[in-house]
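This report describes selected features of one protein structure. Please look at the sequence and the model first.

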Amino acid sequence: MASAQRDYYDILAVPRTATGDEIKKAYRRLARQYHPDLHSGPKKAQMEQKFKELNEAHEVLGDPETRKKYDRYGHRWQEGEAYERARQQAGSGAGADMGPEFAFGGEQDFGDIFETIFGRGSRTGSGSAFRGFTTPGEDLETGVELTLREVLTGVSRRIRLAEKVPCQACGGTGDQRGRPCTTCGGTGGQTEHRTIEVKIPAGVQDGTRVRVAGKGATGRNGGKRGDLYLRVHIKPDRVFRREGADLHVTLPVWSWEAALGAEVLAPTLADPVRVKVPPGSRADSKLRLKGKGLPTAAGGRGDLFYTLQIVMPTSLTDEDRKLYEQLGRARHPDPRADLLLQAGHS
Ligand SMILES: [Zn+2]
C-alpha cells in the first residue's frame, strides 16, 4: 500500500527544505552505513531492505524534477504526472485561444480524471497536496547549535523555517482555468517563511532531537500541524572539554604551587571558584568538583575535572635561579631510577 510507504525525506533523514547537495551527502552517508556487503547474519536482510529503500528515495529526491513531483503528489507522483499529461492533452485540444468557458468545463473534467487516477479510497495518501484531502502536516527538522552555558541554563531561540505550502491562488493544483497558475508557475506550491521562538530546556544532550509539538508544517484541509524536531549539536568549547555530562579543564599550576599546595582561582561554567591544589600534586593528576558539570538526562549534574599541568616560568629571574640551584644541590633520589630499571639497566 502506498500509504504505508515511508516518506522519502524521512528515509534520507533530511528536512523537506534540504538542498540538493544536502540530499546527496545524506544519501552517501547512509549508503555507506547500510551497504549490504558490510553486514552479515540476520542484519544483512534488514540492511538490504534499507539500502533498497534508500536508493529509491535518492532516485526520486536526487533529481530536482522528480523531487518537485514528489513534493507535490507524494508517493503517487508518477500517477500525478499521468494526470498532468492528461490535463495538458485536454488543454492542447482546444488550441491556444482556449476560451474561459472551455477552460471552466475543462477544469471539471480534470476533476474527473483526478478521481479516476487516485480513486476515492486513497484519502490517506501521504504528501498529497490536493484539495479535498485531510492530511496532517509534515514533521520538520532543523539543527541547533548550543554553547555549553546554554545547555546549562536552557535557552530561547528564534528559528526561521521555510515550508512548502500549497499555492493560495490555485489551491495547490498548479492550474487556473486550464492554464498554468501564474502565481506559482504551475508548480502548485509556494515557499512560506516563518520565524518561531522555541524554548530549549536546560540539560539537552548532544545529538538528541528535541520535539516541539505542533510547530511543523501546516496540515492540508484542516489536518493538524506536524511537529518540529530540533537536532541538538553542542558546540566545542575552548576551555571545557565535554565527556558526556562531565567537563574537563586543563589547569596550569606553578611547580611550587604543586609542591607546597595552593588555593587557586579556576573557571567553571558559572562563576570562577577557588580550588585547593593539595601539596605534593603531580602533573596530570585530577581535581574533581562534584556536580559542576552539565545536567544529565536523569536530572543530576556531571562533575568538573581539573587536570593539573605543572608549568615553569618562561624565563628565570636571578632569584629563581638561586632557589633552583639550591634545590639542585639538595639530595633527591633519581626520578629515572624506575625507568632505567625497567629498561634493564640495573
Ligand atoms: Zn498556483
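Which residues does isoleucine 23 touch, not counting residues up to four places away in sequence? They are Leu12, Val14, Ala18, His58, Leu61, Gly62 and Arg67, where contact means heavy atoms within 4.5 Å. The model is predicted: local features need pLDDT of at least 70, side-chain atom pairs count only at pLDDT 80 or more, and totals for chains, interfaces and linings use all residues. Residues are numbered from 1 along each chain as its sequence is written, and side-chain values use heavy atoms, with hydrogens and water left out.

Isoleucine 23 belongs to helix 2 (residues 20-34); helices are DSSP runs of H or I with at least four residues, strands are E runs of at least two, and both are numbered from the N terminus. The C-alpha atom of isoleucine 23 is separated by 9.9 Å from that of alanine 57, 34 residues apart along the chain.

Relative accessibility is listed below; buried means under 20% relative accessible area, exposed over 50%, and partly exposed in between (1.4 Å probe, protein chains only).

| Residue | Relative accessibility | Class |
|---|---|---|
| Isoleucine 23 | 1% | buried |
| Cysteine 167 | 1% | buried |
| Cysteine 181 | 1% | buried |

The zinc ion has the SG atoms of Cys167, Cys170, Cys181 and Cys184 as protein donors, 2.3 Å from it. Donors are N, O and S atoms within 2.8 Å of the metal (3.2 Å for Na, K and Ca). Their spacing along the chain is C-x2-C-x10-C-x2-C. Cysteine 167 lies in the loop between strand 2 (155-166) and strand 3 (175-176), and cysteine 181 in the loop between strand 4 (179-180) and strand 5 (189-200), so the pair ties together parts 14 residues apart in sequence.
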